[in-house]
Amino acid sequence: NKFLIFSILITQFNNSILFSQEQELSKAYFASGCFWCVESIYENLKGVSEVNSGYSGGNTINPTYRDVMSGLTGHAEAIEVIYDPKLISYSTLVQVFFGSHDPTTPNRQGPDYGSQYRSIAFYTSNQEREIIQNYIALLEEKNIFTNEIVTEIKPLDKFPCLPSSSPSSPLSVSPSVSPKIVSSPLPPLIVSSPPRPLITSS
């Protein structure tokens, strides 16, 4: 009986640690083209613990993956980034987002066409929305991109994760486009509280 009680206490202690660790993680959501390609970019960042593929930004309720791929649901292929804000900031994730795709091409990334491939930065708080808006303003001020930035800034509604049995799973279909980082170095976004961009003289 003493062994059983000890085992239960150990289990409860371990569960409390796991729960505490989960509470310390944050989530960010982006759409920037084929999510299988985008996943690999964020998975290699220090501080990111998990990246999930899914879709968001549309009006169709409970669409299937094939529905989304038709381009008629309004949804875009998107990713969920689960990260430790003590190791990597949301501002850094936003900078990676704009540096790893072309935010000036509407409904297209590389050879992939359709509204499901459009550029969207989703936010779940006013602070995230401000960070995205401020960084776009900074990119425009620095003239980083020749064409106008068309990235949508939208509140996250729902994010259905893509089932592993999807016909477009990486186990059955290779990504159609490789991740591309823009050649011009993007300016860092330094955030204070409340978030405001601080542009250095360099």
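## The cysteine pair

C34 is buried, with a relative accessible area of 10%; here buried means under 20%, exposed means over 50%, and partly exposed is anything in between (1.4 Å probe, protein chains only). C37 counts as buried too, at 7% relative accessibility.

So, how many disulfides does the structure have? The count comes to zero, taking a disulfide as a pair of cysteine sulfur atoms within 2.5 Å. C34 is in no disulfide, and its nearest cysteine sulfur, that of C37, sits 3.8 Å away. Look from C37 and you find no disulfide either, with the sulfur of C34 as the nearest one at 3.8 Å.

Residues are numbered from 1 along each chain as its sequence is written, and side-chain values use heavy atoms, with hydrogens and water left out.

The mean pLDDT (the predictor's confidence in each residue, from 0 to 100) is 76 for the protein, and 67% of its residues reach 70 or more. Confidence is lowest in α1, at a mean of 53, and highest in α5, at 96; these helices, like the strands, are DSSP runs numbered from the N terminus (helices are H or I with at least four residues, strands are E with at least two). Where pLDDT is low, the predicted coordinates should not be read in detail.

## Salt bridges

There are four salt bridges in the structure, each a side-chain nitrogen of Lys or Arg within 4 Å of a carboxyl oxygen of Asp or Glu. One of them joins the side chains of K86 and E24, at 3.4 Å from N to O. K86 lies in the loop between β3 (76-83) and α4 (90-99), and E24 in the loop between α1 (2-23) and β1 (26-32), so this pair ties together parts that are 62 residues apart in sequence. K86 is exposed at 58% relative accessible area, whereas E24 is partly exposed at 42%.

K86 also meets D84, with 3.2 Å between N and O. D84 is buried, with a relative accessible area of 16%. Through shared partners, salt bridges join E24, D84 and K86 into one network. Another salt bridge pairs E80 with K27, at 3.7 Å from N to O. E80 belongs to strand β3 and K27 to strand β1, 53 residues apart, which makes this a link between distant parts of the chain. Here E80 is buried at 7%, while K27 is partly exposed at 41%.

## Strand β2 and S56

Seven of the nine residues of β2 are buried, so the strand is largely enclosed by the rest of the structure. β2 and β3 run antiparallel and are joined by eight bridges; strands pair if DSSP finds at least two bridges between them. Across that pairing, V48 stands opposite Y83 in β3.

Leaving aside neighbours within four places in sequence, S56 is in contact with G74, H75, A76, A78, F122, L156, D157, K158 and F159.

## Helix α4 and the cores

α4 is mostly covered, with eight of its ten residues buried. Among them are Y90, L93, V96 and F97. The cover over these buried residues includes β1, α2 (35-43), β2 (48-56), β3, β6 (119-123) and α5 (126-141).

A nonpolar core here is a set of buried Ala, Val, Leu, Ile, Met, Phe, Trp, Tyr and Cys residues joined through side-chain atoms within 4.5 Å. Which residues of the largest nonpolar core touch the most other members? They are F30, Y42, V81 and L93, out of 33 residues in that core. β1, α2, β2, β3, α4, β6 and α5 each supply at least two residues of this core. Not counting residues up to four places away in sequence, Y42 touches F30, V48, V51, I79, V81, L93, V96, F97 and S100.

Terms used: Predicted model: local features only at pLDDT ≥ 70, side-chain atom pairs only at ≥ 80, totals over all residues. Contact = heavy atoms within 4.5 Å.
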